[in-house]
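Here is a short note for a colleague who is new to this model. Please read the points with the structure open.

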Amino acid sequence: MLNRGSGLEIKNNYSLEKLNTFGLDVASEFFYIVKSLRELKIVLRENKTKKITIIGGGSNILFTKFLDGLCLKIDLKGIDVVEENKNNVVVKVMAGENWHDFVKWSVNKGFGGVENLSLIPGLVGAAPIQNIGAYGVELKDVFVSCETVNIKDQTEKEFDEKRCLFGYRTSRFKTIDKNIYVIISIKLRLTKKKHKYNISYGSVKEEIGNRKINLKSISKAVIKIRKSKLPDTNFIGNCGSFFKNPVINEKKYFELKNMYPSISAFKVEKNQYKVSAAWLIEYLKYKGKSIGNVGVYKNQALVLVNLGGATGKEVLYLADKITSEVYSTFQISLQPEVEIL
Ligand code: EPU
């Protein structure tokens with residue numbers, strides 16, 4: 001026990017192996033599971049001199065070494081409808097809720113907006129940090145605001161959608177305000193009727209086929225696609241996409257298209273193309289390949305997998321090798337999507 005004053009039982013030298021989906025066996029110097037807002041403020045106040053690391057589901061973190069300082073797992077629970085009119089609801093979801101359980105809850109209630117985000121691993125509190133997205137929908141599309149606690153002075157602050165500075169897999173919490181706030185809850189606006197179904201993604205459209213388009217069928221299709229492409233973190237350690245899809249300008253895109261006619265990319269804005277990082281990696285023949293205990297997943301080249309007993313450093317070694325080969329072949333810098341600690 002570290003803090004006799006508050007009576008919070010902080011663990012020492014705690015293994016995080018079960019708390020990161022890569023399944024890496026690393027330990028944290030100090031560790032605590034936060035069950036209430038009150039506890040969060042106390043633990044932060046009483047450990048001001050320590051480096052604080054916040055984890056949710058551990059599904060977007062690569063631990064490469066022993067974690068110094070205090071690691072807090074946020075376990076705040078609760079889902080509530082806080083506003084309602086005839087067309088919409090605003091739901092408040094606490095940071096420690098499992099994201100996919102929340103999506104299931106929404107779909108079962110007939111609330112639309114997050115069905116395309118089915119089966120994304122991790123907890124709700126991590127969702128705004130990287131503006132999770134899949135199959136044509138991003139969190140920012142339904143986002144109203146999030147409540148936070150400042151790590152240094154424990155003050156509470158709410159950020160609305162605009163002030164979160166969301167972008168492709170990014171937000172203020174990953175950039176200008178990195179490691180400043182703990183997200184404690186989010187509010188999302190969901191539809192009760194006149195749902196805006198998004199089946200723009202070819203594979204979703206294909207999977208639904210002749211079935212009726214509704215929240216359940218979209219969610220089911222997304223689950224099926226994800227299961228076929230992405231490894232189940234319960235059996236194969238991984239963090240989903242390891243890299244972001246790089247965005248390049250039109251001139252660069254046409255140069256590459258000329259040299260590699262089958263390159264997979266699509267226009268995101270005027271003069272901007274998002275290139276499939278998976279295609280680049282597959283072109284370099286990494287798909288299904290392994291080095292030591294780390295591999296590139298056989299069904300999705302963007303996913304690195306722990307084949308058993310891997311260390312974070314080994315994962316990083318393969319990631320760096322891929323990054324430098326992609327750069328020397330295509331002159332594109334791959335950026336990791338996962339947080340490397
Ligand atoms: N492709 C390949 N080889 C592969 C896989 C894909 O060449 O091994 C090419 C194909 O041309 C395919 C295209 O890449 O049509 C897109 O593939 P996919 O639909 O699997 O999407 P992605 O761009 O590889 C992104 C997200 C995923 C998200 C899917 C669906 C990023 C970094 N990743 O992957 O998100 O589920 O789109 O929307 O943006 C995650 O963030 O962890 C994640 C899994």
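Which residues are the closest to the ligand, and how many surround it?

1. The closest are Tyr135, Tyr168, Glu282, Gln300 and Glu337, and 23 residues surround the ligand. A residue counts as near if one of its heavy atoms lies within 4 Å.

2. A word on the basis. This is a predicted model, where local features need pLDDT of at least 70, side-chain atom pairs count only at pLDDT 80 or more, and totals for chains, interfaces and linings use all residues. Residues are numbered from 1 along each chain as its sequence is written, and side-chain values use heavy atoms, with hydrogens and water left out.

3. Next, the polar contacts (pairs of N or O atoms within 3.5 Å). A polar side-chain atom of Tyr201 lies 2.8 Å from a ligand oxygen atom. For Lys287 the distance to an oxygen atom of the ligand is 2.9 Å. For an N or O atom in the side chain of Lys229 it is 3.1 Å.

4. The shell around the ligand divides into 10 nonpolar, six polar and seven charged residues. Here Ala, Val, Leu, Ile, Met, Phe, Trp, Tyr, Cys and Pro count as nonpolar, Asp, Glu, Lys and Arg as charged, and the others, Gly among them, as polar.

5. Domain 2 (79-229) and domain 3 (237-340) each give the shell at least three residues. These bounds come from an automatic or database domain assignment.

6. Two backbone points. Leu165 is not a glycine, yet its phi is positive, near 50 degrees. Asn271, also not a glycine, has a positive phi of about 70 degrees.

Methods. A polar contact is a pair of N or O atoms within 3.5 Å; within protein, one must be able to donate a hydrogen and the other to accept it, and residues adjacent in sequence count only if both atoms are side-chain atoms.
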